[in-house]
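Please take a look at the model below. We will walk through the surroundings of its ligand, step by step.

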Amino acid sequence: MTRTANQARPKAPSPVVQLTVHQVVRETADAVTLVLNAPTANTVRYRAGQFLTLRVPSADGPLARCYSLSSSPVADNLPAVTIKRVRDGRASNWICDNVTAGMVLDTLPPAGNFVPRDWDAPFVLLAAGSGITPVMSILRTALVAHRNPITLVYANADRESVIFDRDLAELARRHGDRLTVVHLLETEHGLPDATLIASAIANPAGAHVYICGPGPFMTVARAAASSKGIDEAQIHHEVFVSLESDAFEARPAESAPSADGDQVTATVELDGEEHTIDWPKSTVLLDVLLDKGLDAPYVCREGTCGGCAYTLLSGEVEMLDNQTLDDYDLARGSRLACQSLPRSEHLAIAFDI
Ligand SMILES: Cc1cc2nc3c(=O)[nH]c(=O)nc-3n(C[C@H](O)[C@H](O)[C@H](O)COP(=O)(O)OP(=O)(O)OC[C@H]3O[C@@H](n4cnc5c(N)ncnc54)[C@H](O)[C@@H]3O)c2cc1C
Ligand code: FES
C-alpha cells in the first residue's frame with residue numbers, strides 16, 4: 001500500500017513496556033542477571049545480540065541505559081539481561097544493589113544491530129567482562145538452532161570475575177564437537193593482546209567474528225582476527241557506552257521547514273507500508289519520519305545504539321555520526337536514521353529487512 005505521509009501526529013517515544021523482575025541471579029560479586037517476566041510471549045520479541053533499554057533512578061534524575069539480552073530467544077522462555085558494575089557508575093551499581101524479584105522496571109522494546117545474519121558460517125566470539133552478554137545470547141542461539149562450529153575466547157581479570165563460568169563449562173561439555181571455550185585470565189596470561197587472542201583462534205577459515213568488551217580489548221581483538229586473515233567485513237562489534245539523553249522522554253523532532261528545492265523525495269518502507277516523503281536536506285531522516293507521525297524505531301538518537309538502523313536501497317546519505325555500524329553493516333546498506341542527511345534527489349529506504 002502506498003500513501004503520502006504528510007499528516008503530523010504527536011511524536012511519542014517508543015512505547016514503554018513494564019516488565020516484572022522474575023529472578024535476580026548473582027553471577028559474580030560484580031554482576032547480576034535480571035530474568036524478566038513479560039506479560040505475553042510477544043511483549044519482548046528479540047533477536048540474539050539485541051538489547052533492552054532500562055529506566056534507572058539516580059540522584060541526577062532517571063537514566064536510560066542499554067543492556068544486552070543475555071538470554072536466547074530460542075532457548076529461554078523469559079528474557080534476561082546481565083549487568084556488571086562500572087566503577088562509580090550510577091545505573092549499574094543501583095541495579096546490582098537494589099533490584100529484587102517482583103520489582104517492576106520501565107523498558108523500551110528490544111533494538112540493536114549486533115545480530116548475526118549468516119548462521120551457517122563458523123563463529124569466532126571474542127568477549128571481555130560484561131561483553132559476554134550479547135555473545136552468550138548468540139552462542140546459545142547458535143547451539144540450539146544451528147550447526148556451525150564456534151570458538152569463544154573470553155577475557156577476564158581473574159576466575160572469580162568470569163560471568164556464566166559454570167554455564168559455559170556445561171555448554172562446552174555438551175557441545176564438545178562444535179564448541180571450544182578459551183578463557184584468558186589476566187592473573188594467568190597478563191593483559192590480553194592481539195597475539196594472545198590470535199593464538200586462541202584455531203580455525204578462522206570463513207568465520208564471522210563477533211566482538212564485545214571494553215574499548216582497548218575490542219582494538220586488540222579486531223587486530224587478532226585480522227592477523228588470522230579474517231575479512232574486515234566479517235568482523236562485527238558492539239560498543240557499550242552510556243546514553244547521554246533520556247531515551248524515555250518524548251523529544252520533538254527537529255524538523256525545519258525547507259524552501260522549495262531544498263528537499264528531496266524518498267520512499268520509505270516501514271511496518272509493511274510504503275510512504276513517499278519530502279525530506280529536507282538539513283534534517284535527519286528520523287526527525288522527518290517522526291514529524292510526519294510515522295512510527296520509526298529509535299532509542300538513543302545519538303548514533304550509538306543502532307536502534308534506528310535501516311537499509312538504504314538506493315540513493316546516497318551522509319551520516320553525521322556513527323558509533324555502532326561496522327564496515328560489514330555499511331557495505332550491506334545499513335544506515336542510522338537518527339544521523340542520516342540526504343545526498344541525492346531520490347532515495348529508497350526500508351526498515352526491518
Ligand atoms: C548497546 C549497548 C548494550 C549494552 N549492554 C550492556 C550489558 O549487557 N551489560 C552491561 O553491564 N552494560 C551494558 N552496556 C553499558 C551500559 O548501558 C552502561 O553504559 C553501563 O552500565 C554504565 O552505566 P552507569 O550508569 O553505571 O555508569 P555511568 O554513570 O554512565 O558512568 C560510566 C563511567 O563514566 C564515569 N562518569 C560518569 N559521569 C561522569 C562525568 N560527569 N564525568 C566524568 N566521568 C563520568 C563513571 O565514573 C563511570 O566510570 C551496554 C551499552 C550499550 C550502548
Ligand atoms: S537511535 Fe540509537 S543510533 Fe539512532
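How many residues surround ligand 1, and which are the closest? This is a predicted model, and in it 22 residues surround the ligand. The closest are C66, Y67, S92, T133 and S242.

Start with the polar contacts. S92 places a polar side-chain atom 2.6 Å from an oxygen atom of ligand 1. In the side chain of Y67, an N or O atom is 2.7 Å from an oxygen atom of the ligand. A91 uses its backbone instead: an N or O atom there lies 2.8 Å from a ligand oxygen atom. Taken alone, ligand 1 exposes 970 Å², and the protein buries 71% of that.

Now turn to the site itself. Ligand 1 takes up the space of the largest pocket. The largest share comes from β5, with 4 residues.

What is the shell made of, by residue class? It divides into 9 nonpolar, 7 polar and 6 charged residues.

Finally, step back to the domains. Where does ligand 1 lie relative to domain 1 (17-110) and domain 2 (123-238)? Both domains give residues to the shell, so ligand 1 lies between them.

Notes: Residues numbered from 1 in each chain as written. Chains lettered and ligands numbered in written order. Predicted model: local features only at pLDDT ≥ 70, side-chain atom pairs only at ≥ 80, totals over all residues. Heavy atoms only, no water. Near = heavy atom within 4 Å. Polar contact = N/O pair within 3.5 Å; in protein donor to acceptor, adjacent residues only side chain to side chain. Areas by Shrake-Rupley, 256 points an atom, 1.4 Å probe, with all protein chains shown as cover. 1 Å grid on protein atoms, 1.4 Å probe; cavity = no way out; pocket = protein on both sides within 12 Å on 5 of 7 lines; lining within 4 Å. Sits in = over half its atoms within 2 Å of the grid points. Helix = DSSP H or I, 4+ residues; strand = E, 2+ residues; numbered from the N terminus. Nonpolar A, V, L, I, M, F, W, Y, C, P; charged D, E, K, R; others polar. Domains from an automatic or database assignment.
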